[in-house]
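Please keep the sequence and the structure in view while reading.

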Amino acid sequence: MASATDDGTMSALNRLWLVFRGPRFVDLPMRLLALIMGLTLLIPGSFEITEPRYMVLLICAYALLVLSPFFPLATVFVSTGLSLVFVVPYPDLENMFPESLIFATAVLFSQRRWVGSVIATVGLVAYLITCTEMSAYDGGIAGFIDYGYGWVTYSLIGLAAGAVELRIQREIHRRERAAV
C-alpha cells in the first residue's frame with residue numbers, strides 16, 4: 001500500500017497522498033469532486049468583472065470550496081462570514097461562498113456531524129435572508145429555490161456517503177470480530 005524507507009518512515013509523497021486520500025473510504029471521491037468544482041475558476045468567463053477586490057473574493061470562494069472536505073466546520077464559518085462580506089459591495093453579482101458552504105454541509109452530513117450541519121444550514125438561511133432584505137442577486141424566492149435545491153441535493157449525497165461509510169465500518173468490525 002505505502003512504501004516505507006529502511007527506518008520505517010513513509011516518504012513525503014506517501015504522507016501527502018494519505019492526507020489527500022483521507023481516513024475514510026468516501027473522503028477521496030468527495031475531495032476529488034471539490035477539486036473539480038474548484039478548478040471551474042479556470043474556465044474563461046468565471047470572473048464577471050475585473051475589479052481586484054472582487055477577483056480576490058472569488059478566488060477565496062473557490063479555494064474554500066476545495067478546502068471544504070478537509071476542514072468542513074471552519075469552511076462553514078468562514079464562508080458564511082465572507083458571503084455576507086461579498087454581498088454588500090457586490091449585490092448584483094453571483095456569490096460563490098454559499099456554494100462552499102453547501103458543500104461543507106454535505107461533508108458534515110457524511111461525517112454524521114449533526115450540530116455542524118445545522119449550524120451550516122442556519123448560516124445559509126441567514127445569508128439568503130440578508131440577500132432578500134438587500135434585494136441582492138441571490139435573494140428572494142428564486143434564491144431560496146436555487147440554494148435550497150443545491151442544499152437538498154448535496155445533503156442527500158452527503159447522507160448517502162455517510163451511510164455507505166457506516167456500512168463499510170460495520171462490516172470491517174464484524175469481520176474482525178469473526179476472525180478473532
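The sulfur of C131 lies 18 Å from the closest cysteine sulfur, that of C60, which is too far for a bond. The structure is a predicted model, in which local features need pLDDT of at least 70 and side-chain atom pairs count only at pLDDT 80 or more, while totals for chains, interfaces and linings use all residues. Residues are numbered from 1 along each chain as its sequence is written, and side-chain values use heavy atoms, with hydrogens and water left out.

**Cysteines**

- A disulfide is a covalent bond between the sulfur atoms of two cysteines.
- A search of the whole structure, taking a disulfide as a pair of cysteine sulfur atoms within 2.5 Å, finds 0 disulfides.
- C60 takes part in no disulfide, and its nearest cysteine sulfur, in C131, is 18 Å away.
- Are these cysteines buried or exposed, where buried means under 20% relative accessible area, exposed over 50%, and partly exposed in between (1.4 Å probe, protein chains only)?
- C131 counts as buried because its relative accessibility is 0%, whereas C60, at 32%, counts as partly exposed.

**Overall architecture**

- The protein has 7 helices and 0 strands; helices (H or I, at least four residues) and strands (E, at least two) are DSSP runs, numbered from the N terminus.
- Read from the N terminus, the order of elements is α-α-α-α-α-α-α.
- The C-alpha trace spans about 65 × 35 × 25 Å along its principal axes.
- Of the 180 residues in the protein, 37% are buried.
- Contact means heavy atoms within 4.5 Å; among contacts between residues at least 6 apart in sequence, 61% join residues at least 24 apart.

**Packing of α2 and α3**

- Two packed helices are described by the angle between their axes and the distance between the axes.
- The axes of α2 (residues 27-38) and α3 (residues 52-67) come within 7 Å and cross at roughly 165°. Such axes are lines fitted to C-alpha atoms, for helices over the stretch in contact, and angles run from 0 to 180 degrees between N-to-C directions.
- The angle therefore makes α2 roughly antiparallel to α3. Angles under 35 degrees count as roughly parallel, over 145 as roughly antiparallel, 65 to 115 as roughly perpendicular and the rest as oblique.
- On the α2 side, A34, L35, M37 and G38 meet Y62, L65 and V66 of α3.
- By class, this contact of α2 with α3 has 6 nonpolar, 1 polar and no charged residues. Ala, Val, Leu, Ile, Met, Phe, Trp, Tyr, Cys and Pro count as nonpolar, Asp, Glu, Lys and Arg as charged, and the others, Gly among them, as polar.

**F47 in the loop between α2 and α3**

- F47 is found in the loop between α2 and α3 and is partly exposed, with a relative accessible area of 28%.
- Its neighbours within four places in sequence aside, F47 is in contact with L41, Y54, M55, L58 and I59.
- The C-alpha atoms of F47 and F109 are separated by 31 Å, the two residues being 62 residues apart along the chain.

**Positive phi in loops**

- Most residues other than glycine have a negative phi.
- R112, which is not a glycine, has a positive phi of about 60°. R112 is in the loop between α5 (97-110) and α6 (114-134) and is partly exposed at 43% relative accessibility.
- S135, also a residue other than glycine, has a positive phi near 55°. S135 is in the loop between α6 and α7 (140-179) and counts as exposed at 61% relative accessibility.
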